[in-house]
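Open the structure in your viewer and keep the sequence panel beside it. This tour says what to select at each stop and what is there.

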Amino acid sequence: MLLRCVTRTCHVLVLVLCLSAAEDFDWTKNNHGSFYYGTFPTGFSWGAGSSAYQTEGAWDQDGKGLSIWDVFSHKKGKVFFNDTGDSSCESYYKVKEDISLIKELKLNHYRFSISWPRIIPTGIKSDHVNEKGIEYYDSLIDSLLENDITPIVTLYHWDLPQLLQDKYGGWQNVSMINYFNEFANLCFERFGNRVKYWITFNNPWAVAVEGYETGEHAPGLKLRGTGAYRAAHHIIKAHAKVWHTYDTHWRSKQNGMVGISLAGDWGEPVDITNQKDIEAAERYVQFYMGWFATPIFHGDYPQVMKEFVGRKSAQQGLGTSRLPTFSSQERSYIKGTCDFLGIGHFTTRYITQKSYPTGRGGAYFTDRDVAELVDPRWPDPGSEWLYAVPWGFRRLLNFVKTQYGNPDIYITENGVSEKMMCTELCDDWRIQYFKEYINEMLKAIKDGVNVKGYTAWSLLDKFEWDEGYSERFGLYYVDFRNHKKPRYPKASVQFYKRIISANGFPSQREVESWKRKATETCSSSNQLLAADPLTSHMEMVTEIVVPTVCTLCILLSAVFLMFLLRRRK
């Protein structure tokens, strides 16, 4: 884990490119401004999200096939504490319970993903379609609609069928395009009469970079300098093919929409008066979100990516660029394949120019020639990479507006985690994060950005990929040590619920009262337990929903246990 942190820290340096591509975006103007009191447009959609592998559990039940995350997480040393998603939140068995939580929040929509190997175990439709898996998603979709909750469905949230990885090399192989299209077409056929919002891929940046370049995520390949670019190339073409399949065969019958969800951390120039910093900051964003958004909206990769990767490839003595190219027919086919753009945003970096020599070969992170920096004053309450920088959200949304023709946007992920593996229902830092980030989104709408909906990430604490259960993003706390996986509301549930009910921030007095009322649900017995490293993984649960006497007993037992453990050292 230390190596992983060091690697990520090293990656915090990045990039830039020609301003001609973003001539309408003013990099020199960053007015953070004060808190804005106002409401969202009528019909704005509020939601929360999840994904199949992170929450469902039942990894080998009812005919489900193996996914690359099933196999990857079972390999020792790949995931923190060797955790797996085998059972996770057991959402596969808790549809009614989870929908009751969604209703409690008064959400308009719920975002979830369909597990490809749960409905097509091998990933190849002609092999077998698992009706038990179809039944599960039928039940979930029907239950949501019965409760007036709109399903927003992601087709690929990282759980590729393992057979496709073993047999073809996964997203390194062009054959994935047709297999994914068959899977998507089956979903349109079986669920499309009720699902009207489809997302092809969730954060393909992570699929490509962390799955095929750094190996931090499944399938764990380290194809330095080529793997990420090749995987992304096939993913973009797969997205386009699925969009055209829906557009040609299903849109007139089902009247739905197909989009993609892209990760977008913001990159701010260290010095907004320095041209090199401005160029580096844009490069960072183009190598991140623009890598996927620019082909989808404009038909080809960002010019800066083509220039930088091409030049570095030539310096290595390669005859062609490590960044693949689209044919003219492919460019026309890909351009415009987005009915809405999903954006997952969490944090911001300061960016400056940093030149990397090509002597040791090329790699995605060195191709960009940028360095990532953080302000030590930025709050970092959660994951080691996640700093709370609300103003970056508004900047990113305005960038998208100018770059891509002001598309309809749905925020598909936004939230913050806890660092420590212990119980904390009084999540005041999450309340503050939601308050400030949602307000910056409101300012962006005031700027003219077409944001149509917001998805808090996430509904539940869940399996956090290579970090296992060591980080918690949920509005609801999940006790993973209890086989029943009970859920408990954190204070942020009440705060977010009030934002939804008011459709924004009516007045300073009212918003301040929301926070006060939300934190009133938390007693002093629920303050953060600074768990000893030897006991932290035991998840010492002291829920505020437990009667006071019982809670006191648990606290005393925990203190006594920690005392004994310290004596043993």
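## Stop 1: the barrel

Select Thr-154 and then Ile-199 in strand E5, its bridge partner there. Helices (H or I, at least four residues) and strands (E, at least two) are DSSP runs, numbered from the N terminus. The model is a predicted one, in which local features need pLDDT of at least 70 and side-chain atom pairs count only at pLDDT 80 or more, while totals for chains, interfaces and linings use all residues. Residues are numbered from 1 along each chain as its sequence is written, and side-chain values use heavy atoms, with hydrogens and water left out.

Now widen the selection to strand E4 (residues 150-156) and strand E5 (residues 197-202), which pair in the parallel sense over 4 bridges. Two strands count as paired if DSSP finds at least two bridges between them. In general, the strands of a sheet pair through backbone hydrogen bonds, either parallel or antiparallel.

What do the 8 strands E2-E3-E4-E5-E6-E8-E11-E12 close into? In that order they form a barrel, and the pairing is parallel. From one strand to the next the twist averages 25°. Angles here run from 0 to 180 degrees between N-to-C directions, and axes are lines fitted to C-alpha atoms, for helices over the stretch in contact.

Helix H6 (residues 131-146) lies across strand E3 (109-113) and E4, and runs at about 170° to E3. Helix H18 (residues 491-502) lies across E2 and E12, at about 155° to E2.

## Stop 2: a glycine in the barrel

Select Gly-47, which lies in strand E2 (residues 45-49). Is Gly-47 buried or exposed? Gly-47 is buried, with a relative accessible area of 0%. Buried means under 20% relative accessible area, exposed means over 50%, and partly exposed is in between (1.4 Å probe, protein chains only).

Next, show what touches Gly-47. Leaving out residues up to four places away in sequence, its contacts are Leu-107, His-109, Tyr-454, Thr-455, Ala-456 and Tyr-496. Contact means heavy atoms within 4.5 Å.

## Stop 3: the open sheet

Select E7, E9 and E10. These 3 strands form an open sheet in the order E7-E9-E10, with mixed pairing. Strand E7 (266-269) and strand E10 (370-373) stand at the edges with a single partner strand each, so one side of each is left without a neighbour in the sheet. The twist in this sheet averages 40° from one strand to the next.

Strand E9 (residues 348-353) and E10 pair in the antiparallel sense over 4 bridges. To see a bridge, select Gln-353 and its partner in E10, Val-370.

Helix H12 (residues 275-298) packs on the sheet and touches E7, E9 and E10. The direction of H12 makes about 125° with that of E9. Helix H16 (residues 391-403) also packs on the sheet, touching E7 and E9, and its direction makes about 100° with that of E7.

## Stop 4: two helices crossing

The axes of H10 and H12 come within 10 Å and cross at roughly 35°. Which residues meet here? Ala-228, Tyr-229, Ala-232, Ile-236 and His-239 in H10 meet Phe-287, Trp-291, Phe-292, Pro-295 and Ile-296 in H12.

## Stop 5

Most residues other than glycine have a negative phi, and most peptide bonds are trans. The next selections depart from this pattern.

- Ala-218 and Pro-219 are joined by a cis peptide bond with omega about 5°; Pro-219 lies in the loop between helix H9 (204-212) and H10.
- From Trp-457 to Ser-458 the peptide bond is cis, with omega near 10°; Ser-458 is in the loop between strand E12 (451-456) and strand E13 (476-478).
- Phe-81 is not a glycine but has a positive phi of about 60°; it lies in the loop between helix H3 (68-73) and helix H4 (95-105) and is partly exposed, at 42% relative accessible area.
- Glu-90, not a glycine either, has a positive phi of about 55°; Glu-90 lies in the loop between H3 and H4 and counts as buried at 17% relative accessibility.
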